[in-house]
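Subject: Structure handover and findings

Hello,

I am passing a structure on to you. Please open it first, then read my notes below.

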Amino acid sequence: QVQLVESGGGLVQAGGSLRLSCATSGLTFRSYAMGWFRQAPGKEREFVAAISVSGSTTYYADSVKGRFTISRDNAKNTVYLQMNSLKPEDTAVYYCAADLGLWNYRADYWGKGTLVTVSS
């Protein structure tokens, strides 16, 4: 059974930082590109960041470029999202996603999400 479990969300003041983690099990982690999406209240889910199977290529939404960094540890089957200079508009539920092979801005598997709240 495939599981993606996010952690690290919480309440932070604007300008602060958080590090999200997504621990996976039940899949061949190094075969999956990994990504993060987010969904704010009343809005559609949107792409945030992604990383290739090797970690050599990363992708970012324009809204987070320069502030967020995605990384992965294939030995730990875990992907991370370091979020710096957080803004109130970053408030959302953040979801981890696994996409087999090349990153195609979609997911074969989703986590259940972790809530990030940024106060002004």
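Here is what turned up, by topic.

First, the ground rules. This is a predicted model, in which local features need pLDDT of at least 70 and side-chain atom pairs count only at pLDDT 80 or more, while totals for chains, interfaces and linings use all residues. Residues are numbered from 1 along each chain as its sequence is written, and side-chain values use heavy atoms, with hydrogens and water left out.

Salt bridges

The model holds six salt bridges. The term stands for a side-chain nitrogen of Lys or Arg within 4 Å of a carboxyl oxygen of Asp or Glu.

Start with D90 and R38. Their side chains form a salt bridge, 2.9 Å from N to O. R38 sits in strand 4 (residues 32–39) and D90 in the loop between strand 8 (78–83) and strand 9 (92–100), so this pair ties together parts 52 residues apart in sequence. Strands here are DSSP runs of E with at least two residues, numbered from the N terminus. D90 is buried at 0% relative accessibility. R38 is buried too, at 6%. The classes are: buried, under 20% relative accessible area; exposed, over 50%; partly exposed, in between (1.4 Å probe, protein chains only). The pair also belongs to a network of salt bridges that links R38, E46, R67 and D90.

D99 and R106 make another salt bridge, again with 2.9 Å between N and O. D99 is buried, at 0% relative accessible area. R106 is partly exposed, at 38%.

K65 and D62 also pair this way, with their closest N and O atoms 3.2 Å apart. Both K65 and D62 are exposed.

Disulfide

There is one disulfide in the structure. The cut-off is a pair of cysteine sulfur atoms within 2.5 Å. C22 and C96 are the partners, with S to S at 2.1 Å. The link connects distant parts of the chain: C22 lies in strand 3 (residues 18–25) and C96 in strand 9, 74 residues apart. The link of C22 and C96 is left-handed, with -85° about the S-S bond. C22 is buried, with a relative accessible area of 0%. C96 is buried as well, also at 0%.

Strand 1

Strand 1 covers residues 3–7, and its side chains alternate. L4 and E6 point to one face and are buried. Strand 1 pairs with strand 3 in the antiparallel sense, over five bridges. Pairing requires at least two DSSP bridges between the strands. L4 stands opposite T24 in strand 3.

T114

T114 belongs to strand 11 (residues 114–119). T114 is buried, with a relative accessible area of 11%. A polar atom of the T114 side chain lies 3.2 Å from the backbone nitrogen of G9. Leaving aside neighbours within four places in sequence, T114 is in contact (heavy atoms within 4.5 Å) with E6, S7, G8, G9, L20, A92, V93 and Y94.

Best regards

Methods:
Helix = DSSP H or I, 4+ residues; strand = E, 2+ residues; numbered from the N terminus. Polar contact = N/O pair within 3.5 Å; in protein donor to acceptor, adjacent residues only side chain to side chain.
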